[in-house]
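Have the viewer open as you read.

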Amino acid sequence: MPWRRRRPDGRALLTDPLRNKGVAFTAEERERLGLAGLLPPGVLTLDQQARRAYEQLSAQPGDLARNVYLEQLHDRNEVLYHRLLTDHLSELLPVVYDPTVGEAIKRYSHEYRRPRGVYLSIDRPQDLRPAFEALGLGPGDVDLVAATDAEQILGIGDWGVGGMQISVGKLAVYTAAAGIHPGRALPVVLDVGTDNQALLNDPLYVGNRHSRVRGERYDALIAAYVDTVSDLFPHALLHWEDFGPDNGRRILETYGERVCAFNDDMQGTGAITLACVLNAAKAAGTRLRDQRVVVLGAGTAGVGIADQLRDAMVRDGLEREEAVRRVWCVDRQGLLRASTPGLRDYQRLYARPDGEWREEGPIGLGAVVDRVHPTVLVGTSTAHGAFTEDVVRSMAGHVERPVVLPLSNPTEKIEAMPESVLRWTGGKALVAAGVPLPPLELDGTTYVIGQANNALVYPGLGLGTIVARAIRVTDGMLRAAAEAVAGLADPTGPGASLLPQVENLRVSSATVATAVARRAAEDGVARTRLDDVVQQVQDAMWQPEYA
């Protein structure tokens, strides 16, 4: 007769991060689950474990070490990890995500300990469906799938298979900020190779060792991924993150009407910027239809912002063509014009007619601001210091309350520091930034600088989409998210922030989710009956507590 284990395998339970409680298992649980003798005899509560974990975290020598510690905890005990993250969200958000995650991605192959998520190789497309089936999850078991091909990671570029950390980090924020159940969310990396020579020549690199594949093979992998995930997990929201500008926009345009899909770089960035501009217009006493917008950095994020501001101006009464004419995009080659070489498809809409400007050659930001007199200046260029004193003073010379949004991050890539912008404008500017900054004093007024952090938008957007079981993410749902975020801040007081504080992400996410779910129903894309949206959102928010 073959040998069979007569007791539950406690050792397996201790290695399952979704079920492991560590020393929080009670004496009765230890006996029943086959854990007797496998743990120290003392029993701690989750509160006590969280306090100890925070002490251990605080003892780490730097943010990268703290990121590594958190990932090790993540691998051992998901509930404790998310409890720690939720309790200290504003402090730890920069550690588990931008900017520290960039360093963790660079070190991915050297710090690699255990797999997390699904790794899809372009060299083995036949493994795609079996990889998801191996998870043992049914059609109703997955709410969210976050995928990247890692071509344009944050501000650091192409980092191949290390992009898995961006998907993992994104889902951690979804859970901490909006209560998306961690067992119902999958991180994915689409490893199509890398053009990063440092990775290709690193003997420890764990990804595909060839240049980045493009064209038909790439498109076939994306199509197979969408078809497989949609078939196996028909209710899941497909989140796209850090794809290259051409691929990211093209994928969303191809599949956005077919499946429930969301690109944070385009739509999330656009929505949080729209929230800024909505509140800036409120503070300045102006209308959206009267804005003149200059965007520095015409990539995925910059054009995504232009799209959302254009649509907002149309809703406020402008014809679409007139709204397009109220947006000027400036990139590395200067102002985008019809004759600008190398224009990408998504940039062409905002390219100015050649006859509009007499100047030959590139037209820089300063010349554009001097002539256009913008009311809103947005920076997504990662060009540190690009919003110079001359540029800002020129803008303020023609606009009573200039809206200046240097959104690039980290700090070494920001277009201008808000303190400088306020000083150059005598405190008249309405400012938000892409990095967290403390309040500042200027001429007796305390200015609170809102952080245009996509985490104010996408967790709540995702939760609302999941609660509604939406068949797709509509423009109306994005607009509802932006308006909900804007409504959480009062921008009218002296020095007031244009955005709510990141410290209250759970509150803002629930508010955004409620607005998004309602709009999904209004747009006819909800598959769930929404009788009490507020309560349904609350019921859907997972809490980091032991079962």
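This is a predicted model: local features need pLDDT of at least 70, side-chain atom pairs count only at pLDDT 80 or more; totals for chains, interfaces and linings use all residues.

Glu29 sits in helix H2, which covers residues 27-32.

What does the side chain of Glu29 make a polar contact with? Its partner is the side chain of Lys21, at 2.7 Å. If you skip residues up to four places away in sequence, Glu29 touches Lys21, Ala24 and Ala547.

## Leu14

Leu14 belongs to helix H1, residues 10-14. With 23% relative accessibility, Leu14 counts as partly exposed. Setting aside neighbours within four places in sequence, Leu14 is in contact with Asn20, Phe25, Leu35, Leu38 and Leu39.

For a sense of scale, take Leu14 and Leu349: they are 335 residues apart in sequence, and their C-alpha atoms are 56 Å apart in space.

## The five-stranded sheet

Now for the first of the sheets. This open sheet has 5 strands in the order E1-E3-E2-E4-E5, and the pairing is parallel. Strand E1 (118-121) and strand E5 (261-263) are the edge strands, each pairing on one side only. From one strand to the next, the twist averages 20°.

Zooming in, strand E2 (residues 144-148) and strand E3 (residues 185-191) pair over 5 bridges in the parallel sense. Within that pairing, Ala147 stands opposite Val188 in E3. Helix H10 (residues 164-178) packs on the sheet, where it touches E1, E2, E3, strand E4 (237-240) and E5. The direction of H10 makes about 160° with that of E3.

## Helix H13

Which residues are buried in helix H13 (residues 245-255)? They are Pro245, Asn247, Gly248, Arg249, Ile251, Leu252 and Tyr255.

As for what covers the buried residues of H13, the list includes helix H12 (216-232), E4, E5, helix H14 (264-284) and H15. Two of those names, E4 and E5, also turn up in the parallel sheet.

## The seven-stranded sheet

The other open sheet has 7 strands, ordered E8-E7-E6-E9-E10-E11-E14, and here the pairing is mixed. Strand E8 (334-335) and strand E14 (450-451) stand at the edges with a single partner strand each, so one side of each has no neighbour in the sheet.

Over at the E14 end, strand E11 (residues 430-433) runs parallel to E14, and 2 bridges join them. Ala432 stands opposite Gly450 in E14.

## Helix H15

H15 lies across strand E6 (293-296), strand E7 (327-331) and strand E9 (376-379), and runs at about 175° to E7. The helix itself spans residues 300-315, 16 residues in total. From first C-alpha to last, H15 reaches 23 Å, close to the 22 Å expected at 1.5 Å a residue.

Why call H15 largely enclosed by the rest of the structure? Because 12 of its 16 residues are buried. Those buried residues are Thr300, Gly302, Val303, Gly304, Ile305, Ala306, Asp307, Gln308, Leu309, Arg310, Ala312 and Met313. Following H15 comes Gly317, whose phi is positive, near 120°.

Methods. Residues are numbered from 1 along each chain as its sequence is written. Side-chain values use heavy atoms; hydrogens and water are left out. Helices (H or I, at least four residues) and strands (E, at least two) are DSSP runs, numbered from the N terminus. The expected span of a helix is 1.5 Å times one less than its number of residues. Buried means under 20% relative accessible area, exposed over 50%, partly exposed in between (1.4 Å probe, protein chains only). Two strands pair if DSSP finds at least two bridges between them. Axes are lines fitted to C-alpha atoms, for helices over the stretch in contact, and angles run from 0 to 180 degrees between N-to-C directions. Contact means heavy atoms within 4.5 Å. A polar contact is a pair of N or O atoms within 3.5 Å; within protein, one must be able to donate a hydrogen and the other to accept it, and residues adjacent in sequence count only if both atoms are side-chain atoms.
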